[in-house]
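Reader: I have a model open and want to learn how to read it. Where do we begin?

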Amino acid sequence: MRNNTQASVSSILFRRNLLRFLANLFCFLVAIMAFYPFFVMVISASHDNFNIMSKINVLPGTKLVENYQRLTRNINIFSGIKNSLFLSVCVTLVETYFAVMAAYAFSKFQFRFRNFLFGVVLVFMMLPGQIGIIGFYKEVQAMHLMNSYLPLIVPSIANCFAVFFYKQYMDTSLPSELIEAAIIDGCREIDIFHRLVVPIMRPAMVTQAVLTFIGTWNSYLNPLILLNDKSKFTLTLLIATVRDATHADYGAQYLGMVISVIPTIVIYCFGSKTIMEKITVGAAVKG
Amino acid sequence: MNTKKRGRTAYLYILPFFLVFLIFKLYPILYTFVLSFCNMDLLSGDLTFVKLANYKRVLNSPFFYRSIGNTLLIWIMSIIPQLTLAFFLAMLMSNRWLRGRAIFRNVYFFPNLVTSVTIGLLFGALFSYPGGAINSIISALGLKAVDFQNRPMLARMVIAIAICWKNFGFNIIYFTAGINSISDEVLEAARIDGANAWQTTMKVTIPLMRPILIYVMVTSIIGGLQMFDESKLVFTSVPGDATTTMIKYMYDSAFVRSQFGYGAACAYVIFVIIMIFSAISMFITREKKR
C-alpha cells in the first residue's frame, strides 16, 4: 500500500518534471530561432563573400576591417547615424514637450469644445497613418520644404497617441489640488507647467520618449519620399541603399546591418524596463 | 482664481498641437481626398477634375486586386503562427517554475528593436539563392538549395516569417499583461472545481483575456494591412509582383509612376478595406449577449 502511493507520487513527479523540462526546452528552441538571424548577421559581418556563400559559419572571421572599408567606401554610414540621431532627438524633444502641453490642457482645464477636440484626437489616433501621405508629399512640395528635416520634425507635435497617453497618466497621477495650491501661491500659468507638471510627468515622458526615439530612428517611408539628397539621408535610407551600392557583397551588407542595430540596442539596454511597462500600460488602457 | 481666464490659457496650451494637426494631419488627408478625384499634370502640377475615374480604374485594376490578395496571404501566414506562438509562450512563461523567464522575454523581444529596413535586408540575405544562410543549412542537410525569390508563394512566406519574427515577442508582452491581470482566485476556483490545465485555459483564461485579444487582433490587422517596408525591401524583384502589398502598390503608383491622383484613390480604397477588416474582427471577437 505504502509502496503503491510512493510509486504513484514518484510517477506524478516524474511526469511533472518531464513536462517542465519539455516546456523549458521549447522556450529555449524558440529563443535560438529568434536569435539565429542576429547570430548570422554578426558572424557574417567578419567574413568575406566566399565564406558566407559557401558554408555555415559559426566562428567570427578575419575580414572585418576589409568589409568595413568596402562598406564605408560606398556609403557614408556615419553621416547617416548623425542625421538619424539629430532627427530622432529633435522629434523626441518637440513631440514630448508639446504633447504634454496639450494633454495638460485636456486633463486639467475646463473649456468649450474640450470633449469634442479630445474626440478628434481619439479618432485620429485610430486612423491608419498612410492615408494622407500623398497629400502630405504634395503639400511639402508646395511649401518648398523638400529635402529639409522640418516636415519630418514639425508634424510630430501633433502626435495623437502621445497626447492620449499623457492625458491618461495625468488624470491619475497629477492631483488638481497641487495646481490649485500653486495658483493660490501666485504662480504664473507657464511656471506651473514647467515647474510642476513637467517634473511630475517625467516618468511617463521618459517611457513615451524612448518609444518615439526608436520609432523615429526606424522610420522609413516618410524620409524616403521627402529626402533625396544623399548627404541628408537617415541611417535607414542609407542601409536600404547598401544592397544596391555593394551589389552582391554580403560581408559589407551584414556589417551595415550590424551597425544599424547597435544604437537601438544601446537605447534598449537603458530603457528596456520602461518600454515593457509602457507596452503593458498601453494594453491595460485599451483593454 | 479666474476660471474664465484659465480657460483661455488652455487654448494657448492646445494651440501648437492643433495648429500642426490642421496643417500636417488633417489637411493632407483632405487634400488626398480631393486629389483622388483629379488627375495631376506632371510638369505644371495643374489639377483636372475627373470625377470618379480614378476610383473606377482602381476597382478595375487586376494589379490592385492582386496586391490585396498578396497582403492578405502574407498577413495570414504571419499572423496565425505569430499569435499562436506568442500566446503559447506567454502561457508557458506565466509559470513561476520556468527558468530564465526574463532572459527569454528579452531574447523574444529583441527582433522588435531592429529597423524594418534592416529586417528586410537581413531576410533577403538569409534567404538568398544559392548562398544564403538558410540555403547553406538546407544544403548541409543534403537537400537541394531553394530559390525563394523566384517562387511566389515561398517569397511571400519569407516576408511572413520576417514579420512573424519581428512581432511575436511584442505580442508576448501584451498576452503576459493579460494573463497577469487574471486574479489568482479565479484560477484557484477552477482548479478546485476539478478543471485540468487545458480546460482552465480554454474556459477561464481565454474568455477573460478577450479585451486584450481584441486589441491585439485589431492593431495587428491595421498594422498588417499597411505592410510596406518588408514588401519593398526583402526581395527586389519577385515574378508576378507576388510580394507587392496594397501600400507598396499605392507607393509605386504615386511615387514611382507619378500618378498622384490614382495613388490617392488607392489610398482611400485601402482605407475603406482596412476599416472593413477592423469592423469584421471586432464583430467576430465581440462579447456574446446572453
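Author: Begin with a term. A helix here is a DSSP run of H or I with at least four residues, numbered from the N terminus. By that count, B:Phe277 falls in helix H13 of chain B, residues 260–284. Keep in mind that this is a predicted model.

Reader: Is B:Phe277 buried, exposed or partly exposed?

Author: Count neighbours. A residue is buried if 20 or more other C-beta atoms lie within 10 Å of its own, and exposed if 12 or fewer do. B:Phe277 has 17 C-beta neighbours inside 10 Å, so it counts as partly exposed.

Reader: Which residues is B:Phe277 in contact with, leaving aside neighbours within four places in sequence?

Author: B:Ile221 and B:Leu225. Take B:Leu225. It sits 52 residues from B:Phe277 along the chain, yet their C-alpha atoms are separated by 9.1 Å.

Reader: Now confidence. What is the mean pLDDT of chain A?

Author: The general idea first. Where pLDDT is low, the predicted coordinates should not be read in detail. For chain A the mean is 84, and 93% of the residues reach 70 or more. Confidence is lowest in H2(A), with a mean of 71. It is highest in helix H7 of chain A, residues 150–153, at 93.

Reader: How many helices and strands are in chain A?

Author: Chain A has 13 helices and zero strands. Its radius of gyration is 26 Å, well over the 19 Å that the globule rule gives for 287 residues, so chain A is more spread out than a compact globule. The C-alpha trace spans about 75 × 70 × 35 Å along its principal axes. Of the 287 residues, 40% count as buried.

Reader: What share of the contacts in chain A join residues at least 24 apart?

Author: Look at pairs at least 6 apart in sequence. Of those contacts, 76% join residues at least 24 apart.

Reader: Into which domains is chain A divided?

Author: Domain 1 covers 2–66 and domain 2 covers 76–286. Their centres, taken over C-alpha atoms, are 37 Å apart. Nine residues of domain 1 of chain A are in contact with seven residues of domain 2 of chain A. On the domain 1 side, helix H1 (2–44) and helix H2 (49–54) of chain A each supply at least two residues. The largest share, three residues, comes from H1(A). By class, that side has four nonpolar, three polar and two charged residues.

Reader: How many residues of chain A are in contact with chain B?

Author: A general note first. The size of an interface is often given as the accessible area lost when the parts come together. Here we count residues. In this model, 69 residues of chain A are in contact with 69 residues of chain B. Helix H13 of chain A (residues 250–286) gives the largest share of the chain A side, 16 residues. That side has 48 nonpolar, 14 polar and seven charged residues.

Reader: Which residues have the most contacts inside the largest nonpolar core?

Author: A:Ala102, A:Val163 and A:Tyr166, in a core of 144 residues. Its largest share, 15 residues, comes from helix H7 of chain B, residues 152–180. Domain 1 (2–66) and domain 2 (76–286) of chain A both give residues to this core, so it lies between them.

Reader: What does A:Ala102 touch, not counting residues up to four places away in sequence?

Author: One residue of chain A, A:Val163, together with B:Tyr13, B:Ile14 and B:Phe17.

Terms used
Residues are numbered from 1 along each chain as its sequence is written. Chains are lettered from A and ligands numbered from 1 in the order in which they are written. This is a predicted model: local features need pLDDT of at least 70, side-chain atom pairs count only at pLDDT 80 or more; totals for chains, interfaces and linings use all residues. Two residues are in contact if their C-beta atoms, placed from the backbone, lie within 7 Å. Ala, Val, Leu, Ile, Met, Phe, Trp, Tyr, Cys and Pro count as nonpolar, Asp, Glu, Lys and Arg as charged, and the others, Gly among them, as polar. A nonpolar core is a set of buried Ala, Val, Leu, Ile, Met, Phe, Trp, Tyr and Cys residues joined through C-beta atoms within 7 Å. Domain bounds come from an automatic or database domain assignment. The radius of gyration is taken over C-alpha atoms; the globule rule is 2.2 Å times the number of residues to the power 0.38. pLDDT is the predictor's confidence in each residue, from 0 to 100.
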